[in-house]
Amino acid sequence: WPSRRNPTGAREAGGWRAGQGVVHCSGALPSSILQPAKEQGALVASFHPLQAFASIEAAVAHMRGSTFGLEGDLPLVDELRKLVALLDGTALQLTPEEKTLYHAAAVIASNYTVTLAALASQLLAQEGIAPDPNTALRYILPLLRGTVDNLQVSGLPNALTGPIARGDAGTVARHLRELDERAPDVAHLYRHLARLTLPLAQEKSKLSVEEINALDSALE
């Protein structure tokens with residue numbers, strides 16, 4: 001933020017100076033990438049909207065109410081908190097060391113949800129259940145919305161549904177027989193995700209030892 005009294009001061013002076021703040025919006029990088037500005041006396045910070053912006057229109061529609069990852073010099077971060085409040089958002093204070101895992105979590109939650117939707121849509125199209133992946137996606141979107149609603153209302157692990165949550169090893173085994181034959185790469189992912197889902201299912205449904213063992217056998 002250039003000075004209100006002299007907004008072009010940074011340029012005229014050949015750089016940044018005390019009384020100014022420099023902010024970047026990367027979720028992956030810490031504010032230390034702005035070290036040259038800091039060395040000239042400016043405050044530095046990062047301000048990352050934890051949101052998926054596929055277009056300018058999406059950014060405008062989704063920004064309000066988002067979580068914002070804040071990291072950097074505390075006086076500037078305090079000013080950025082005011083911007084978060086104006087956007088009805090939630091401020092999440094981060095350290096530089098936390099930025100990488102924070103961003104990895106965002107990628108898993110957002111980017112890989114798109115990948116999973118694409119894999120499910122392609123599977124339906126591949127088998128002729130839907131004429132093409134985008135038509136299949138329209139079939140799947142209400143399910144995705146319902147899942148997000150369940151996460152919001154019920155939280156973890158109670159939002160989990162499906163055969164793993166029920167301890168239904170027979171259905172899991174049938175899924176994998178079909179996937180091994182028709183989509184082996186997806187079968188590999190299904191097994192890995194199912195194993196990661198088992199602790200959630202155990203926590204929610206209090207599955208018996210026999211049910212867990214049956215699921216483990218189905219996933220072999």
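The notes that follow record what I looked up, beginning with the conventions.

**Conventions.** I worked on a predicted model, in which local features need pLDDT of at least 70 and side-chain atom pairs count only at pLDDT 80 or more, while totals for chains, interfaces and linings use all residues. Residues are numbered from 1 along each chain as its sequence is written, and side-chain values use heavy atoms, with hydrogens and water left out. I took helices (H or I, at least four residues) and strands (E, at least two) as DSSP runs, numbered from the N terminus.

**Sheet.** I looked up the strand order and found an open sheet of four strands, β1-β2-β3-β4, with mixed pairing. Two strands pair if DSSP finds at least two bridges between them. β1 and β4 are the edge strands, each pairing on one side only.

**Pairing.** I then checked the individual pairs. β2 and β3 run antiparallel and are joined by six bridges. In this pair His-48 stands opposite Gly-69 of β3, and Ala-45 stands opposite Gly-72 of β3. β3 and β4 run parallel, joined by four bridges; Leu-70 has Gln-93 in β4 as its bridge partner.

**Helices on the sheet.** Helix α4 (residues 74-86) packs on the sheet and touches β1, β2, β3 and β4, contact meaning heavy atoms within 4.5 Å. The direction of α4 makes about 35° with that of β2. α5 also lies across β1, β2, β3 and β4, and runs at about 20° to β2.

**Helix α5.** I recorded 28 residues for α5 (residues 99-126) and a reach of 39 Å from first C-alpha to last, close to the 40 Å expected; the expected span is 1.5 Å times one less than the number of residues. The helix bends by about 35° at Tyr-112, the bend being the angle between axes fitted to the seven residues ending there and the seven starting there. I listed the buried residues of α5 as Lys-99, Tyr-102, Ala-106, Val-107, Ala-117, Ser-121 and Ala-125. Buried means under 20% relative accessible area, exposed over 50%, and partly exposed in between (1.4 Å probe, protein chains only). Their cover includes β1 (21-24), β2 (43-50), β3 (67-72), β4 (90-93) and α6 (133-154). Just after α5, Gly-128 takes a positive phi of about 80°.

**Ser-121.** This residue of α5 is counted as buried because its relative accessibility is 3%. I found a polar atom of the Ser-121 side chain 2.8 Å from the backbone oxygen of Ala-117. Not counting residues up to four places away in sequence, Ser-121 touches Pro-133, Ala-136, Leu-137 and Ile-140.

**Asp-73.** I located Asp-73 in the loop between β3 and α4. Its relative accessible area is 15%, so Asp-73 is buried. The Asp-73 side chain makes a polar contact with the side chain of Lys-38 at 2.6 Å. A polar contact is a pair of N or O atoms within 3.5 Å; within protein, one must be able to donate a hydrogen and the other to accept it, and residues adjacent in sequence count only if both atoms are side-chain atoms. Leaving aside neighbours within four places in sequence, Asp-73 is in contact with Lys-38, Ala-42, Leu-43 and Val-44.

Technical notes:
Axes are lines fitted to C-alpha atoms, for helices over the stretch in contact, and angles run from 0 to 180 degrees between N-to-C directions.
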